[in-house]
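This report describes selected features of one structure: a helix residue, a set of strands and a helix pair.

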Amino acid sequence: MGPDGLLAVARALRVSTHDHSHHHHRHDDNRRMAIVLGINMAMLVAGVAGGIAFNSLALLADAGHVLTDVGAIGLALFASWMAARPSSPQRTFGFRRGEILAALLNGFLLVAVAVFVFAEAITRLSDPPDVAGVGVLLIGLAALIGNGIGTLVLVGGDRVNVNLEGVLRHTAADALGSLGVIVAGLLVVTTGWDQADAIVSMLIAVLILLGSWRLLREPFNVLMESAPEGIDVQTVGDAMCRVPGVREVHDLHIWTVTSGFPALAAHIRTEPDEVADEVRERIEAVLHERFGLDHTTLQVVPEPLLQIEDRRSR
């Protein structure tokens with residue numbers, strides 16, 4: 001087997017190892033999200049039942065946030081399944097971007113819930129109903145415990161996964177929302193101030209909006225083919241130009257296919273006496289070691305030894 005054959009085997013082994021590790025992380029992330037899905041479904045039932053029984057908008061607002069979590073986790077698991085489907089001639093990257101679309105939809109759902117809660121809270125401020133503070137307090141404590149467990153389960157996952165990170169942010173924000181519910185219950189019990197329930201609901205709505213910002217921004221950047229976060233295109237281009245044998249780098253593009261899957265394409269012009277494959281290997285090594293870029297498409301063209309200018313038309 002010649003050098004080219006050995007190089008092909010090495011590349012295949014590297015891709016296979018990367019894919020196996022990526023698959024292992026995704027399987028573990030899916031298991032973690034499934035556990036949190038069960039916790040959130042139990043909290044959703046408790047929140048809706050408590051909100052209706054105790055006439056608490058804060059509980060219903062928190063339940064609305066939990067509902068988006070249930071939808072978020074369900075969409076994330078569905079998108080992960082879609083992303084694992086094999087590619088085809090029509091879809092050469094398979095369905096990997098399904099999780100990006102799911103994350104974007106989750107962000108829009110959060111905004112819709114926040115607007116609804118905020119509008120309902122304003123109405124209740126002027127005409128507050130009687131709120132059963134003790135019941136609100138007990139369910140708030142149970143929700144805080146559930147969100148705490150869910151957050152701990154997700155923290156151990158692969159934080160590069162944008163859907164797991166999104167669900168984690170949902171759950172962490174829910175924990176803060178549960179604290180708000182507890183405060184509302186305490187205020188109603190100790191002071192009889194029923195407006196506290198509506199005010200806490202508005203604070204929860206603000207938390208929901210803050211949590212939705214990243215879920216909207218990052219998928220939008222991916223769909224717009226923006227450079228991955230933490231990678232400066234100019235720095236990458238400079239590093240490629242400094243590789244021995246490289247004369248020029250142009251048409252450099254860096255984008256994200258899906259979470260944890262950055263890609264690069266570029267045209268490379270080499271020195272006349274350089275071997276194109278050797279220069280490509282040097283560039284790939286730099287991209288892998290310095291920037292973690294493994295999916296690359298490099299068109300390497302040697303600089304001609306002699307350029308002849310046609311002056312006949314002058």
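## Helix α6 and Ile 208

Ile 208 lies in helix α6, residues 195-223. Helices here are DSSP runs of H or I with at least four residues, and strands are E runs of at least two, numbered from the N terminus. The model is predicted: local features need pLDDT of at least 70 and side-chain atom pairs pLDDT 80 or more, while totals for chains, interfaces and linings use all residues. Residues are numbered from 1 along each chain as its sequence is written, and side-chain values use heavy atoms, without hydrogens and water.

With a relative accessible area of 1%, Ile 208 is buried (under 20% relative accessible area, 1.4 Å probe, protein chains only). Beyond its neighbours within four places in sequence, Ile 208 is in contact with His 65, Leu 110, Val 113 and Ala 114, where contact means heavy atoms within 4.5 Å.

Strand β2 (residues 261-270) has 8 of its 10 residues buried. Strand β1 (residues 246-258) pairs with β2 in the antiparallel sense over 9 bridges; pairing requires at least two DSSP bridges. The two strands form a hairpin with 2 residues between them, and Gly 260 in the turn has a positive phi of about 75°.

Strand β3 (residues 295-302) runs parallel to β2, joined by 8 bridges. Ala 266 stands opposite Leu 298 in β3.

## Contact of α7 with α8

Thr 235, Val 236, Ala 239 and Met 240 in α7 meet Ile 283, Val 286, Leu 287, Arg 290 and Phe 291 in α8.

How values were computed. Buried means under 20% relative accessible area, exposed over 50%, partly exposed in between (1.4 Å probe, protein chains only).
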